[in-house]
Protein chains: 4
Amino acid sequence: MIIVLKREAPPETAQQILDLIASKGLKPLHMPGVERVVLGALGDERVLAELALDSHPMVESLKPILAPYKLVSREMHPHDTVVRFGKTAIGGRGFSVIAGPCAVETRDQMLNTCSAAKKAGAHGIRAGAYKPRTSPYAFQGHGVEGLEILRETGDKLDMPVVTEVMETSDVETVAAYADMLQIGARNMQNFSLLKAVGKCGKPVLLKRGMAARVEDLLLAAEYLLAEGNEQVILCERGIRTFETAMRNTLDLNAIPYIKQKTHLPVLVDPSHGTGIRDLVIPMALAAAACGADGILVEVHENPAVAWSDGAQSLYPEGFERLMEALDPVVKAVGRELR
Amino acid sequence: MIIVLKREAPPETAQQILDLIASKGLKPLHMPGVERVVLGALGDERVLAELALDSHPMVESLKPILAPYKLVSREMHPHDTVVRFGKTAIGGRGFSVIAGPCAVETRDQMLNTCSAAKKAGAHGIRAGAYKPRTSPYAFQGHGVEGLEILRETGDKLDMPVVTEVMETSDVETVAAYADMLQIGARNMQNFSLLKAVGKCGKPVLLKRGMAARVEDLLLAAEYLLAEGNEQVILCERGIRTFETAMRNTLDLNAIPYIKQKTHLPVLVDPSHGTGIRDLVIPMALAAAACGADGILVEVHENPAVAWSDGAQSLYPEGFERLMEALDPVVKAVGRELR
Amino acid sequence: MIIVLKREAPPETAQQILDLIASKGLKPLHMPGVERVVLGALGDERVLAELALDSHPMVESLKPILAPYKLVSREMHPHDTVVRFGKTAIGGRGFSVIAGPCAVETRDQMLNTCSAAKKAGAHGIRAGAYKPRTSPYAFQGHGVEGLEILRETGDKLDMPVVTEVMETSDVETVAAYADMLQIGARNMQNFSLLKAVGKCGKPVLLKRGMAARVEDLLLAAEYLLAEGNEQVILCERGIRTFETAMRNTLDLNAIPYIKQKTHLPVLVDPSHGTGIRDLVIPMALAAAACGADGILVEVHENPAVAWSDGAQSLYPEGFERLMEALDPVVKAVGRELR
Amino acid sequence: MIIVLKREAPPETAQQILDLIASKGLKPLHMPGVERVVLGALGDERVLAELALDSHPMVESLKPILAPYKLVSREMHPHDTVVRFGKTAIGGRGFSVIAGPCAVETRDQMLNTCSAAKKAGAHGIRAGAYKPRTSPYAFQGHGVEGLEILRETGDKLDMPVVTEVMETSDVETVAAYADMLQIGARNMQNFSLLKAVGKCGKPVLLKRGMAARVEDLLLAAEYLLAEGNEQVILCERGIRTFETAMRNTLDLNAIPYIKQKTHLPVLVDPSHGTGIRDLVIPMALAAAACGADGILVEVHENPAVAWSDGAQSLYPEGFERLMEALDPVVKAVGRELR
């Protein structure tokens, strides 16, 4: 940690802070310059958080040297984590495609949509039983009944299923039905939920919040790992920017950056990341090209009558075209669909 | 609702959508132009949500005519709502100041800080017992013990207290101790929590999310009112932008805009809105000048040793200066501190 | 154009605006609803700009039906424009790679860097003689002397060159040396410069501004085409968002969106789009995968001593690896490097 | 400057960089830690820019200790700069109001609008003769003829005038007519224009760009001061964010922050900062409350027929109400309208 003092800081401030640093077992450093005094603390600086040095009225700024996360860091754990998803796995050399409708609507809609997806090559199913909706007047999901239909569909097609959990008290129920639990973008910093899901024993798909920096996402994942769950997948799904032509701005820069910083797999959701059906295929290909471990994509047997997110859902034919287009790109970067 | 069809839309699409509109009891309108066909639906367009017209492959764009919220709208409820807060009230001609530390740390810290705040003129107390923290390694609050200290402090000083609830299963407990429940920025779209708090019978302080448009904030409030709770206060606390000199960008434009659109009171939090102690007083004055109904401000008996948010907390002397500076500005806009 | 009146608008307002619309030769439409009166104007709504209807105190909002640009629109000009660049061309089925250092530093630096780039397969050279720098104390470019070295390098290696022009009075000079003129991100809305460059007779590379929506970029290009220049290439180079881990957020969503809206070719600049050397290759591949017509990439014979942008410049070996990795991805999407 | 090396950096890298630092006359510091080696450079670190240390492949990150600007810094020049504007002055204890239409349209429009503004208490006139417009089909201003009308209006009413210059070759002409030159938001980083205006001998009003951090604005001002012009006023006019309810997000946080960092006066433009007439008065009051030195506000004799920006222009009656509302707020913060 580097600590820059304010120009007007008296000499005793420097000494006082150096003593505090030493008291925490770190090596203090004193670097008096002409215009500012700079202090340093060498060692595991995470223990300095308790000192709240940024609160000190004579401290101008702090620069941490180490990342604030540990368990998710590639420095601590250099090898790629592979996360099980039913009988399949995500991470490593494979590229996984998880497809399905925004929401579980009916038994038929699920079976028709997901069997088409399976036929085209999807590896797993996504669909929501609990739907976070901006308006209280929009369809909020079928709840437990939706979970039942989802599980039934997965079993019938022999495909693993992932679905969102929005509420701590639902974690156990959702975990009983799903192969993987999703924490949605709006709940990325719902820390109570993170702790509960971290303890549930199932793999987790953690979506990046709309205003979350990559570092915030990694710290949210750190909550999950701190509860003992290492089966965590990250997911980029677009951030909120000034651009209004698309629903979100898909931040693909984040993919190679995340792969460098953490050992966890990372997926891309080009459906929410764009909000526009015609952009889903090109952005799925881009995700594969820049190093994502797979995609999460919305498909519906008939998007024109979908109860939610129809504008960004692929038709089954579109999904087939996506899978055909993906294959050569995935191979071009030395991986394979699986 | 105005519906613009794609250039390539065949004539039967227009007829099909007009029939759908009529089937929902709205008046359909057909406006064929040279380059595009435009359709209209006159009436309570919120029922059109079910049609999911944005999913239709031949629809280019939609323009709603009415706001998506109803109960929070000033159109439905022209008079200002006044929200009770213990023996005091927020909204109307008064300007309220709610002050206190970021977190309940100790009995002494609470009593020293809040009695100083009361002496300087604060009307209520804020302090957290459950703290949403970006890092799992940061202080997470004392929980129920913190609630007890908070209540005790409020009773001793005869001041109402507001505190954050982060979790549906804690709503009843927090409601037992606090005069008002706060929903934090990170939980603004935690819809399970909104529903639970909407039912709890206590007034609510709803903070704007870091990536939330004003319309999203109003829709989140609509969740609370839809559960039967009209005692809702909104709070602007800064949004996330590209500017890194401050912790957040305080969006004061939102204050007069919100006052125009809704009957609910709105507070400003200049502490989180800036993240920098020296900016708190000027931004509190600006909040008063542009029409806020009060402020929520962090004070600590000694910010240099605060367990969280010390960098943005006022010293008791700073808070005194704030109250002295506020008084003439509040009067200049025809209101009074109370 | 759809015009929504305020709730309190008197009936005569509607009539007055309908008359104005008719006076401009458009077909007026009257749609009185229960809560709002909605008006329509059918025809070439761009002439309505003169009416400044958004200024009317009784107008609540406007919705244009048509895009505000014409000449750049694919609706007017369905076939892809191919832009000449020296003896090569950009657009169509090819994928072009333009490489070079941020700035022209010395004759040797240029020759060493660009001959390495050519050997690895680059199709053209980029390098700046006039450098827009945030700080007045940073290197501002060699000016005309830099243009001379650039031209000389291009001629020696038989490669076309593109370079930035920052100033109307320099347009003629730069056009005398370069095969294509670049308008930088900071000047995207320098309308005087756009007009001057639009008249200069040379192809233009127009970079997206850091706060520019795609629509703003297309309108800036419209300035160029309105001066009679159709040889225009767009370039995505990252926008400014709250994410601070990278220099910019590369908005690849924009690529397929732009290809849909306009006939002009579009390049991606992964160097400025990330600001981090290690992210350049994956993002270049992503650009190819999502439909870009080529990339603009910074290479330097020795980035560790580059006078500017070294942190995002590839080493010659890195550029070789990029070209090797690009080839299969470009082929996977049915195109070829050329 | 603090330099953090990558974990894998070999010992000789540290030595090599320490030697470079010493070669520039700064004092080098070596701080080897367990996980990273940290280096320091004490002294005037601006000379280190030439070393381009961020380009070094073994450098993980840099932390400057000093601000990158000098001449605009309050550290170098603690007293407030007062800028002359015709016979009046901006800065110090006064609060200035500069009012007028977006564009010079006609002699009558100017005289009617500005005499109403003067009667209500405005201190100076703003109006554009050269208009930067997003669309090439929008009104671009009357040019020199507009300057003539502007000067004539100023002389007739004995009020100083400020107007935008968009082009280096127009600087001399505009300087011949105006008392102050404005550099617009879109040209804030048009460095050629900054240099030309810095040399012209007239006071300058520099508006913040839509994607500019405060530090970028201060560096743009540094360009002006570096050319010998200290008569510079900054202007906050809103930044671009995800919020779409208003045209821009007025960043009032920037006002007290800027006043702390620089000695230059700062104005607020609530017209562009909101884009909505009804928000102009409250935001003008907020600007006064948080420490701005004045406002720049759009007024039009009849906004409903304004050729540009009518939606955000005040009616003369609105401007009167603004001046009446401003007076007590300005006094409440210890200043006076003048």
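Trainee: How many residues of chain B are in contact with chain D?

Mentor: Two residues are in contact if their C-beta atoms, placed from the backbone, lie within 7 Å. By that criterion, 35 residues of chain B touch 35 residues of chain D. The model is predicted: local features need pLDDT of at least 70 and side-chain atom pairs count only at pLDDT 80 or more, while totals for chains, interfaces and linings use all residues. Residues are numbered from 1 along each chain as its sequence is written, and chains are lettered from A in the order in which they are written.

Trainee: Which helix of chain B gives the most to the side that touches chain D?

Mentor: Helices (H or I, at least four residues) and strands (E, at least two) are DSSP runs, numbered from the N terminus. On this side of chain B, α9(B) gives the most, with 8 residues.

Trainee: Which residues of α2(D) are buried?

Mentor: A residue is buried if 20 or more other C-beta atoms lie within 10 Å of its own, exposed if 12 or fewer, and partly exposed in between, with C-beta atoms placed from the backbone. In α2(D), the buried residues are D:Gln109, D:Met110, D:Thr113, D:Cys114, D:Ala117 and D:Ala120. Viewed down the helix axis, they fall within an arc of 120°, so they line one face of α2(D); the arc is that of the directions from the helix axis to the C-beta atoms.

Trainee: Against what do the buried residues of α2(D) pack?

Mentor: Their partners in chain D are β7 (94-100), β8 (124-126), α3 (144-157) and α10 (316-332). After the helix comes D:Gly121, with a positive phi near 120°.
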